[in-house]
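Biologist: Before I plan anything around this protein, could we go through its charged and nonpolar surface features together, one question at a time?

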Amino acid sequence: MIREDMIARLIAEAKEGGCELVTLRAIVEEATDLGADRALQRTGLADPDARDDLDELRKLLQAWRDAKASVWRAALAWLVRGVLALVLIGIAVRLGLTEVLR
């Protein structure tokens with residue numbers, strides 16, 4: 001039976017004989033399944049290859065995050081090296097070691 005027909009039948013049953021908890025649960029379950037199927041179809045994820053596509057997208061996103069973190073770490077390392085080099089040059093100037101280089 002098609003889900004739309006199932007929901008229509010359950011709603012009609014609830015209307016006719018009063019609504020029991022079991023009927024309400026069945027309506028909610030069928031409606032949520034129908035909504036989930038529609039959402040998957042509208043986003044293009046209803047095909048059998050969708051699981052593989054999502055796995056690939058997750059891997060790409062993780063690779064992007066790893067690369068971004070690596071760039072920040074490298075930039076920070078270069079910044080620290082530059083500051084340390086400037087400190088060493090400052091110490092050398094203070095101690096008068098620039099004359100030794102001449």
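**Charge pairing and a nonpolar patch**

Biologist: How many salt bridges does the structure hold?
Modeller: This is a predicted model, and local features in it need a pLDDT of at least 70. A salt bridge here requires a side-chain nitrogen of Lys or Arg within 4 Å of a carboxyl oxygen of Asp or Glu. By that criterion, the number of salt bridges in the structure is 1.

Biologist: Which residue forms a salt bridge with R58?
Modeller: Side chains of opposite charge can pair when their charged atoms come close. With the closest N and O atoms 3.5 Å apart, the partner of R58 is D55.

Biologist: Is R58 exposed or buried?
Modeller: The cut-off for exposed is over 50% relative accessible area. R58 has a relative accessible area of 52%, so R58 counts as exposed.

Biologist: How far apart in space are G82 and D55, C-alpha to C-alpha?
Modeller: G82 is found in helix α3, where its relative accessibility of 32% makes it partly exposed. G82 and D55 are 27 residues apart in sequence, and their C-alpha to C-alpha distance in space is 41 Å.

Biologist: Which element gives the largest share of the nonpolar patch?
Modeller: The patch covers about 1100 Å², and its residues include L76, V87, L97 and V100. L97 lies in the loop between α3 and α4 and, at 42% relative accessibility, is partly exposed. The largest share, 9 residues, comes from α3.

Note on methods:
Residues are numbered from 1 along each chain as its sequence is written. This is a predicted model: local features need pLDDT of at least 70, side-chain atom pairs count only at pLDDT 80 or more; totals for chains, interfaces and linings use all residues. Side-chain values use heavy atoms; hydrogens and water are left out. Buried means under 20% relative accessible area, exposed over 50%, partly exposed in between (1.4 Å probe, protein chains only). Helices (H or I, at least four residues) and strands (E, at least two) are DSSP runs, numbered from the N terminus. Patches are made of residues with over 30% relative accessible area and no salt bridge: like charges are joined within 9 Å, nonpolar side chains (Val, Leu, Ile, Met, Phe, Trp, Tyr) within 5 Å. Accessible areas come from the Shrake-Rupley method with a 1.4 Å probe; for residues, only the protein chains shown count as cover.
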